[in-house]
Amino acid sequence: MAKYLTLEHLGQSAIITINNPPANAWNITSLRELADLMTTLQADSTVRAVVITGAGDAFFCAGADLNLFSKGSKQEVADLLDAFAGAFAALRNYTGVTVAAINGYALGGGLECALMCDYIVAERGAKLGLPEARVGLLPAAGGSKTLADKVGLSWAKRMLLGGEILTAEKAYDIGLVEEIVDPGFAKIMAVSLAGKVANQAPQAVARARQLIESSPCATLEAHLQQERAALLSLIGEAEQLEGVSAFLGKRTPSWADED
Ligand SMILES: C/C=C/C(=O)SCCNC(=O)CCNC(=O)[C@H](O)C(C)(C)COP(=O)(O)OP(=O)(O)OC[C@H]1O[C@@H](n2cnc3c(N)ncnc32)[C@H](O)[C@@H]1OP(=O)(O)O
């Protein structure tokens, strides 16, 4: 049983809550718990979406536990970074949809966690930033790339170099979050967004995600070839035949469980 994470199920969504008062900060144990949980959820064919949120209303997650940096031990920090890498790889590689439901502060490794998700929903009053340089640190769980990929180099520089912490509204304006909701509603909105994906064909969703994520590094010609190969790999499979048959038969498709 996890010490720092709780798990609940709502329909086809699993909701993971980071619960490590006062700031829901990450430590090696909670990161290993996240990796284990994602592996378990990946193998559970009844779950199609994972929502991550924070316990309480003040913190989604304030990042890595700063106590772990107080001794200046390179080995301890390397171990922590290995745990971040394992947890976030499990999150990023999950084949269903992932949604971060941000309540309160999402800073440092907290925002980096949200940036590994497909969508971010934030409550009014939430604050988002990568202010590690304020305490002599750097993002090292992907943030200097995932933030720049999402909002562009200019805003990424303002947030990393200037330590600017954004309101939910500003984060929405620059495309960092997909939805803003009233306090207390992030989890519900996240489950609703996740539900839209859960209604879609699982293999098609997984392939579409791969195509979108590989697109920035591909030329259009190479990408067109990948799209063609991806679509042809679906053709004739049970899922594709069911989807088209359901449409033509004017009924709701029934997706078989994923492998
Ligand atoms: C690879 C990844 C690297 C990283 O993620 S490095 C960490 C990056 N994150 C940060 O630098 C954020 C640090 N925290 C803050 O700047 C502030 O906090 C806030 C702006 C988030 C909130 O400020 P306020 O409302 O004044 O609350 P408060 O008294 O500072 O915090 C409440 C309690 O939460 C603890 N806390 C906050 N953040 C962390 C943290 N990241 N690691 C460990 N503890 C944290 C505090 O110490 C305090 O605790 P007590 O009530 O016992 O005094």
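**Entry 1**

I am working on a predicted model, where local features need pLDDT of at least 70, side-chain atom pairs count only at pLDDT 80 or more, and totals for chains, interfaces and linings use all residues. Residues are numbered from 1 along each chain as its sequence is written, and side-chain values use heavy atoms, with hydrogens and water left out.

What does the side chain of Arg-158 meet in a salt bridge? I found Glu-164, at 2.8 Å from N to O. A salt bridge is a side-chain nitrogen of Lys or Arg within 4 Å of a carboxyl oxygen of Asp or Glu. Glu-164 is partly exposed too, at 29% relative accessibility. I also noted a network: salt bridges with shared partners join Asp-118, Arg-209 and Glu-213.

I read off 10 salt bridges in the structure. Side chains of opposite charge can pair when their charged atoms come close.

One of them links Lys-71 and Glu-76, at 2.7 Å from N to O. Is Lys-71 exposed or buried? Lys-71 counts as exposed, because its relative accessibility is 63%. Glu-76 is partly exposed, with a relative accessible area of 33%.

Next I checked Arg-124, which forms a salt bridge with Asp-182; their closest N and O atoms are 2.9 Å apart. Arg-124 lies in the loop between β7 (119–123) and β8 (127–129), and Asp-182 in the loop between β10 (179–181) and α7 (186–198), so the pair ties together parts that are 58 residues apart in sequence. Helices (H or I, at least four residues) and strands (E, at least two) are DSSP runs, numbered from the N terminus. Arg-124 counts as partly exposed at 39% relative accessibility. Asp-182 also counts as partly exposed, at 42%.

**Entry 1: the ligand**

How many residues surround the ligand? I found 18, and the closest are Pro-22, Ala-62, Ala-64, Leu-66 and Gly-109. A residue is near a molecule if one of its heavy atoms lies within 4 Å of it. The shell around the ligand divides into 12 nonpolar, three polar and three charged residues. Ala, Val, Leu, Ile, Met, Phe, Trp, Tyr, Cys and Pro count as nonpolar, Asp, Glu, Lys and Arg as charged, and the others, Gly among them, as polar. β6 (105–107) and α3 (109–115) each supply at least two residues of this shell.

I then went through backbone atoms. Ala-64 has a backbone N or O atom 2.8 Å from an oxygen atom of the ligand. For Leu-66, a backbone N or O atom lies 2.9 Å from a ligand nitrogen atom. A polar backbone atom of Gly-109 is 2.8 Å from an oxygen atom of the ligand. Taken alone, the ligand exposes 980 Å², and the protein buries 60% of that. Accessible areas come from the Shrake-Rupley method with a 1.4 Å probe; for residues, only the protein chains shown count as cover.

I found Ile-235 in the loop between α9 (220–234) and α10 (238–248). Ile-235 is partly exposed, with a relative accessible area of 46%.

Gly-243 sits in helix α10. Gly-243 counts as partly exposed, at 22% relative accessibility. From Gly-243 to Gly-108 I noted 135 residues in sequence and 41 Å in space, C-alpha to C-alpha.

Definitions and conventions. A polar contact is a pair of N or O atoms within 3.5 Å; within protein, one must be able to donate a hydrogen and the other to accept it, and residues adjacent in sequence count only if both atoms are side-chain atoms. Buried means under 20% relative accessible area, exposed over 50%, partly exposed in between (1.4 Å probe, protein chains only).
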